[in-house]
Amino acid sequence: MTTHSPPEAVSLAANGTLLSGAVLAAAILTMGLMAGVFGVFTHTIMPGLRHTDDRTFVGAFQAIDKAIINPWFMATFFGALILTGLAAALHLSGDKRNALPWIGAAFVLYLIAVIMAAGNPARIGDLPAVRYRFSEAKWSAWNLIRTLTSTAAFGCLIGAAMMYRTTK
């Protein structure tokens, strides 16, 4: 005796696959964008600012910190975490579960990057003291870790997409 799934069940399964695939794609996109943001600070912005005087360094960094808090950045910064978590939840059961370890690893790696994000800059007082307290070397080292963890998370999500594709 053969049993067939009712059309509604097939439709729901197809919609679930479409939703989980779309969420995974959005997580990959936002994670890639964030890996790029952290990376550009690591290989371009900080090396460029390193060679400036204290007034230029503090002023430029405060301007960047102010400009980066905008809807596009915030949606991408938090979207990468939220979408990766949602992708993990959507892959908890069914035939796409083999992608879950990759998505889970991406979530944990990016969570590390989010936790280490820098806060608001201090008010300008004694410029050399502000720059010293900022600890440029320490910030750069932590940003390198954010770059590496978000890039690794991006790679994990690509791995998840490859696993997702092989289960079709």
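## The main core

Which residues have the most contacts inside the largest nonpolar core? In this predicted model, they are L24, M34, F77, I103, Y110 and L157, and the core has 24 residues. At least two residues of this core come from each of the helices α1 (7-50), α3 (71-90), α4 (100-115) and α6 (136-166). Helix α1 gives the most, with seven residues.

Nonpolar side chains tend to be buried together in soluble globular proteins.

## Contacts of Y110

Leaving aside residues up to four places away in sequence, Y110 touches M31, M34, F38, T76, F77, A80, L81, S150 and A153.

## Another core

## Aromatic pairs

The whole structure holds six aromatic pairs. One of them is F61 with W139: the ring centres are 5.2 Å apart and the planes stand at 85 degrees, so the pair is edge-to-face. F61 belongs to helix α2 (residues 54-68) and W139 to helix α6, so this pair links parts of the chain that are 78 residues apart. Both F61 and W139 are buried.

F73 and F77 have ring centres 5.4 Å apart and planes at 20 degrees, so they are stacked. These two residues both lie in helix α3, four residues apart, which is about one turn of the helix. F73 and F77 are both buried.

## Around W139

F41, F57, F61 and W139 form one aromatic cluster. A charge is also found at W139: the charged end of R146 sits over the ring of W139, 5.2 Å from the ring centre.

How values were computed. Residues are numbered from 1 along each chain as its sequence is written. This is a predicted model: local features need pLDDT of at least 70, side-chain atom pairs count only at pLDDT 80 or more; totals for chains, interfaces and linings use all residues. Side-chain values use heavy atoms; hydrogens and water are left out. A nonpolar core is a set of buried Ala, Val, Leu, Ile, Met, Phe, Trp, Tyr and Cys residues joined through side-chain atoms within 4.5 Å. Buried means under 20% relative accessible area, exposed over 50%, partly exposed in between (1.4 Å probe, protein chains only). Contact means heavy atoms within 4.5 Å. Rings of Phe, Tyr and Trp (its six-membered ring) pair if their centres lie within 6.5 Å; planes under 30 degrees apart count as stacked, over 60 as edge-to-face and the rest as tilted. A charge sits over a ring if NZ of Lys or CZ of Arg is within 6 Å of the ring centre and within 35 degrees of the ring normal.
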